[in-house]
Amino acid sequence: MIRNHQGQRNTIRFVRSVASSVQSEKPLKLNEIDKKWLRRWKALPKGTTASVQGEAGDKNLFYCLSMFPYPSGVLHLGHQRVYTISDVIARFKRLKGYHVIHPMGWDAFGLPAENAAVERGINPAVWTETNIKKMKEQMSLMLAEFDWDREVNTSSPDYYRWTQKIFTLLFEHGLAYRKGAEINWDPVDQTVLANEQVDSEGRSWRSGAKVEKRTLEQWFIGITKYASALQGDLKLLDQWPDKVKAMQKHWIGESHGAEIEFPCQGSSTENIKVFTSRPDTLFSVQFVALALNHPIVQECAKKDEDLLQFVEKEKNNDDPASKVGYLIKNLKVTIPIEVDGSVRHQYDVPVYAAPYVLGSYGHGAVMGCPAHDERDADFWALHQPGVPVRPTVGHTKEQEARESSGLFTSKAGRVYDSSVLKNGVNSMGTLTGMKSKDAAKKITGFLTNANFGGKSVQFKIRDWLISRQRYWGAPIPIIHCDSCGPVAVPDKDLPVKLPAIDGESFGKGNPLDKLESFVNTKCPSCGNPARRETDTMDTFIDSSWYFFRYLDSHNKDAIFRPEIATRHMPVDLYVGGVEHAILHLLYSRFIAKFLGDIGLWDGKEMNNEPIKRLVTQGMVHGKTFTDPESGRFLKPEEVDLSDNSKPLIKATGKVPSISFEKMSKSKYNGVDPGKCIDKYGADAVRAHILFSAPISDQLNWNEDQLQGVEKWLKKVLALRQVIVDRLSEPVKKTSSGTLYKNIELDGQVHDEMTLSEPELKLYNDVRLYCKKISDSIDVELSFNTIISDLMKMTNTLQSSAKIETVKPEILLDAYKKLLVVMSPVTPSIAEECWEGLAHSMKKPFVSIFQEKFPQSEPIESSSINYNIFVNGKARHAMQSHRSLAAQPHDEILKTVLAEEPVSRFVKDREIKKLIVKEGLISIITAH
Ligand code: ANZ
Ligand code: ZN
């Protein structure tokens with residue numbers, strides 16, 4: 001009896017109408033097959049190729065996201081790599097019955113479009129549109145299949161309207177504010193420059209003028225309010241690479257310690273507050289250092305001309321290792337407490353202004369402990385030469401603490417007095433002998449009780465400066481009113497559209513500034529004349545929420561429907577470049593959390609984290625030829641590649657040096673994926689990209705190795721005819737075999753079937769490969785091994801097809817499974833063979849993407865192989881029932897000795913010992 005194997009076969013079928021006659025006589029070349037299928041798939045009804053399989057129930061949803069590109073107009077191999085990975089995963093998940101979302105869009109605002117406008121007088125919007133068209137075409141050539149009906153373009157008003165809405169929401173919640181901040185000012189062009197427009201010598205890219213720092217009022221987003229959540233929730237991201245989490249952690253920079261107030265003498269300020277991560281070193285403090293913009297420095301500079309000059313000279317010194325400093329006259333502070341916690345009144349600690357203290361961290365003030373901190377030690381050595389440092393902490397072993405001299409910076413130390421540490425403090429009271437950690441706690445407690453500070457947590461992360469003095473970005477939706485201050489543009493007036501601007505207006509700063517019709521407006525609150533904000537937003541804002549918009553990209557009334565976002569978020573898998581490991585992902589996490597907090601979606605399960613699993617792919621490097629004598633990079637036409645394995649420099653006949661380096665024009669090592677696809681076909685390029693390196697590793701693009709992939713694909717193509725021939729041969733008598741139950745062949749389950757050894761092996765191998773490949777894609781993301789397993793699977797099938805007694809239906813089943821399993825990687829070749837099969841078998845063609853990924857299990861065979869050892873030497877191998885090993889020893893011996901090679905070696909000697917394991921029997925005899 002034959003019955004349908006549950007779930008194996010999809011019921012949506014359609015009969016191909018156009019193409020059955022097109023089956024060509026001559027087999028197509030690899031690079032023609034993808035072109036053919038590109039055409040054919042386009043002509044097929046929607047949903048019949050990479051169909052949305054299965055209903056979008058709540059359990060079988062999969063959101064597969066890849067980082068959307070900047071529309072530069074060219075798709076490079078890096079893009080090819082990310083999009084191949086996400087495409088393979090999306091196609092695979094569909095075959096597994098998931099409802100997959102695999103969208104694509106454009107991160108379209110930014111400087112290059114504006115530069116193109118400056119250089120070529122092209123409108124940035126037009127330039128962007130043209131590039132998008134080009135890149136879409138290139139994506140289709142690589143057979144990447146995206147949900148184009150979800151497409152977003154961040155520079156389109158339909159999109160930035162909602163980016164602006166997010167800004168006004170942040171503003172309403174007190175998370176967007178204005179404050180003075182430094183910008184790069186080009187004094188010749190009279191314009192603000194982006195950091196990328198300032199070269200390494202600090203000159204403008206256009207005018208060449210030395211760039212100046214100026215302070216401008218700018219918009220900030222209060223991401224620091226989320227610092228603690230962003231740090232704490234990293235632990236929920238168990239499917240993110242550790243390296244990315246470490247980078248985020250470092251960027252957020254959570255630091256635990258204490259804030260301590262040092263009472264002052266000689267300033268109108270009562271106390272100087274510092275942050276320290278080492279309160280245990282309080283009694284080692286020998287100076288206090290202040291950032292140059294510290295209020296006390298500013299105040300003292302008014303009365304001290306020398307200090308004023310020092311500040312002027314050093315204010316742009318951002319060298320963290322700088323040791324320069326200025327001893328502030330007539331100002332002293334005191335360590336606030338004695339070692340017993342009582343208040344101390346000895347104003348004996350000098351105060352310096354020093355540029356190594358960051359104005360933006362902690363309280364812009366440092367308690368200087370030259371005995372325990374390297375920078376403080378260097379500073380002290382320069383400013384108080386010969387004055388000994390005062391240690392209070394040393395090695396946990398007293399003897400070692402006593403003997404060591406010099407800096408002790410470890411956090412794992414112990415407190416000692418001067419009886420152990422030379423030049424230390426005479427008595428450390430009850431702190432003596434305490435471990436650093438405990439002493440820190442105790443001292444912090446003292447400080448709290450005496451009202452001089454207490455426990456504190458600081459973050460390195462700063463608020464997010466989003467103002468750009470640029471045209472090509474989303475206008476910040478704010479109106480400045482003299483009486484109301486900054487007012488958010490009301491929803492009904494969104495989007496604030498970018499006005500069209502003619503070519504000549506570009507080039508000098510932000511053309512919006514000069515556009516009266518844009519700037520002059522009315523205050524939405526009081527109706528008086530007011531000015532529109534002309535800054536546009538950092539493009540990181542655009543990309544911090546695009547994955548929400550994909551889910552509801554046509555919504556005209558809302559940013560997205562909360563229920564839809566809640567249903568599909570978080571993203572199941574995000575693929576992209578490690579260069580976005582810090583900022584883009586941090587901003588995305590922040591905005592997702594904010595949107596969750598104000599009720600726009602509910603991601604409670606993961607504290608509103610937007611991304612469940614993250615994969616970062618490595619760089620693609622190009623083959624680079626250099627002249628070993630001059631070190632000069634060689635152009636491809638300078639190298640004789642007629643023998644690929646032995647390249648020669650044409651001019652000299654010498655062997656060039658070969659390396660793999662980041663692709664760049666100056667190294668002539670760039671590779672155009674379009675040309676590769678043209679030459680080898682999209683499938684071969686896709687497979688080669690995956691095969692060449694594990695996804696997180698650097699990929700050295702080496703076309704020589706493509707031949708292996710080509711050979712494999714040709715083998716798969718040729719196998720079709722072999723299988724078809726076998727199917728049409730008259731039925732042969734099969735050799736004897738074993739009867740097995742529940743044999744699944746081509747989706748149908750046979751209650752019983754006799755299988756010979758080679759049939760069983762093929763049947764099982766195919767299923768094991770299917771399982772292994774499935775795990776490689778789904779669990780391990782080990783794409784390079786998928787290709788090698790597909791190759792092995794092909795070889796297994798090829799050799800089985802040569803064995804005449806193997807039943808053709810078992811070969812057919814194996815071949816069909818191979819095609820389905822490889823189809824996510826090499827869609828056009830799988831489809832080509834699939835169609836060819838249907839055609840030869842006179843069956844209607846149904847796209848392979850209507851299939852399900854093979855799931856049936858291998859047969860647990862009852863007989864297994866036993867290796868027989870006699871006196872330690874392998875003498876024989878035999879098939880026997882798995883349960884043999886469980887039999888009594890004399891039974892086992894009876895079976896084993898019945899085999900001639902065994903009895904030959906045992907002879908009639910006495911059996912001393914018998915060792916039995918599954919698959920192994922070892923006999924030890926007397927001599
Ligand atoms: C005394 C001390 C003793 C410190 C010692 C360190 C070691 P993390 O851990 O990275 O948070 N610091 C505080 N504010 C600063 C600022 N605005 N600019 C530069 N440095 C500043 O760093 C905290 C430590 O950095 C603080 O702990 C302080 O030096 C310094 F053996 O205080 B410490
Ligand atoms: Zn007003």
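Predicted model: local features only at pLDDT ≥ 70, side-chain atom pairs only at ≥ 80, totals over all residues.

Biologist: Which residues come nearest to ligand 1?

Modeller: Ser255, Thr276, Leu358, Tyr361 and Lys460, out of 19 residues around it.

Biologist: Okay, what does Ser255 do there, in terms of distance to an oxygen atom of ligand 1?

Modeller: A polar side-chain atom of Ser255 sits 2.6 Å from that oxygen atom. Tyr361 also uses its side chain: an N or O atom there is 2.5 Å from an oxygen atom of ligand 1. Leu358 uses its backbone instead, with an N or O atom 2.8 Å from a nitrogen atom of the ligand.

Biologist: How much of ligand 1 does the protein bury?

Modeller: 86% of the 640 Å² that the ligand exposes when taken alone.

Biologist: And which element gives the most to the shell?

Modeller: β14, with 3 residues. β10 (271-276) and β14 (365-368) are the elements that give two or more.

Biologist: New topic. What are the protein donors of the zinc ion, ligand 2?

Modeller: The SG atoms of Cys481, Cys484, Cys523 and Cys526, at 2.2 to 2.3 Å. The site is tetrahedral, with angles of 105 to 113 degrees among the 4 donor atoms. In sequence, the spacing is C-x2-C-x38-C-x2-C.

Biologist: Why does the pair Cys484 and Cys526 tie together separate parts?

Modeller: Cys484 lies in the loop between β20 and β21, and Cys526 in the loop between β22 and β23, so the pair links parts 42 residues apart in sequence.

Note on methods: Residues numbered from 1 in each chain as written. Chains lettered and ligands numbered in written order. Heavy atoms only, no water. Donors = N, O, S within 2.8 Å, 3.2 Å for Na, K, Ca; no water. Tetrahedral: all angles 85-135°; square planar, octahedral: opposite > 155°, others 65-115°. Helix = DSSP H or I, 4+ residues; strand = E, 2+ residues; numbered from the N terminus. Near = heavy atom within 4 Å. Polar contact = N/O pair within 3.5 Å; in protein donor to acceptor, adjacent residues only side chain to side chain. Areas by Shrake-Rupley, 256 points an atom, 1.4 Å probe, with all protein chains shown as cover.
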